[in-house]
Amino acid sequence: MLYNYKQEIMNKLDDGSISGLSMDHQFTFECKTACMGRCCNSITILLDPWDIEIMARQLNISGREFLAEYCKYDFSPELKWPYVRLKHAEDGPCIFMLEDGRCEIYSARSRNCRTYPIGRAVRFEQDGKKIERVFMVDKMDFCLGHKCEKSWTVKEWLDDAECEKFYELSDLYLELIHYATSQLNSRVWMNRNIAQMLMPLLYGPDLLRNKLGLSEDI
Ligand code: SF4
Ligand code: SF4
């Protein structure tokens with residue numbers, strides 16, 4: 001789903017139905033107290049293993065504990081790959097939303113929470129080359145963030161949210177999915193049961209780090 005979703009977005013960016021943005025594109029946005037937290041209700045927040053890692057560390061629990069307590073698991077029949085979502089945010093208010101609408105784990109929030117209203121799509125070509133595009137996420141009616149004077153370039157926005165280090169790991173995971181689908185033909189042999197068995201490895205950041213030989217410094 002995560003990968004599939006990004007591919008769909010990428011296709012729309014390719015055919016022009018979504019406009020891509022350059023890093024020096026300017027826009028206005030600033031979160032408003034009047035709507036604070038309304039964006040954290042009944043919303044699908046897709047997570048990758050590194051989102052889970054940073055949130056779990058913030059809560060001082062293991063990635064696998066975070067997965068069990070705060071995530072929903074599903075399987076994409078099209079891509080034949082498992083994906084996870086933040087459980088409470090989908091069913092009502094996010095469990096990390098404080099009474100005043102602010103985020104309890106703000107410094108460890110997921111990439112999607114971090115970059116909104118800017119979205120990012122990544123595609124790996126057959127030769128492994130990475131293509132990256134950014135775009136403006138559809139405006140939500142209740143979101144007052146666009147109705148303000150504060151101006152940013154896309155680069156300033158992403159830098160301010162310290163996105164680069166999250167993207168580095170996130171793209172490694174997308175590359176792993178690309179490798180599994182293009183080289184290991186995972187669409188042929190992956191099914192819901194196998195995905196269930198692979199879940200702790202694919203989304204348990206502690207196990208995945210070991211398997212990929214990634215040190216804690218990355
Ligand atoms: S401005 Fe938009 S993103 Fe910010 S708190 Fe309000 S609804 Fe959420
Ligand atoms: S993690 Fe924080 S920013 Fe993201 S949905 Fe939950 S409360 Fe909102």
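1. A residue is near a molecule or strand if one of its heavy atoms lies within 4 Å of it. By that rule, the residues around ligand 2 are Cys40, Cys94, Phe96, Met97, Cys103 and Cys113. By class, this shell has 6 nonpolar, no polar and no charged residues. Here Ala, Val, Leu, Ile, Met, Phe, Trp, Tyr, Cys and Pro count as nonpolar, Asp, Glu, Lys and Arg as charged, and the others, Gly among them, as polar.

2. The model is predicted: local features need pLDDT of at least 70, side-chain atom pairs count only at pLDDT 80 or more, and totals for chains, interfaces and linings use all residues. Residues are numbered from 1 along each chain as its sequence is written, chains are lettered from A and ligands numbered from 1 in the order in which they are written, and side-chain values use heavy atoms, with hydrogens and water left out.

3. Ligand 1 has Phe29, Cys31, Lys32, Cys35, Met36, Gly37, Cys39, Tyr116, Phe142, Cys143 and Gly145 around it. Its shell divides into 8 nonpolar, 2 polar and 1 charged.

4. Strands (E, at least two residues) and helices (H or I, at least four) are DSSP runs, numbered from the N terminus. Two strands pair if DSSP finds at least two bridges between them. Strand 3 and strand 5 (residues 81-86) pair over 2 bridges. Leu47 stands opposite Val84 in strand 5.

5. Now helix 2 (residues 49-59). Its buried residues are Pro49, Trp50, Asp51, Ile52, Glu53, Met55 and Ala56. Buried means under 20% relative accessible area, exposed over 50%, partly exposed in between (1.4 Å probe, protein chains only). Asp48 caps the N-terminal end: a side-chain oxygen lies 2.9 Å from the backbone nitrogen of Trp50. Just after the helix, Asn60 takes a positive phi of about 65 degrees.

6. In strand 6 (residues 118-124), 7 of the 7 residues are buried, so the strand is largely enclosed by the rest of the structure. Ile118, Arg120, Val122 and Phe124 lie on one side, and Gly119, Ala121 and Arg123 on the other.

7. Strand 6 pairs with strand 7 (residues 130-136) in the antiparallel sense over 7 bridges. Ala121 stands opposite Arg133 in strand 7. The two strands form a hairpin with 5 residues between them. Gly128 in the turn has a positive phi of about 90 degrees.

Conventions
Polar contact = N/O pair within 3.5 Å; in protein donor to acceptor, adjacent residues only side chain to side chain.
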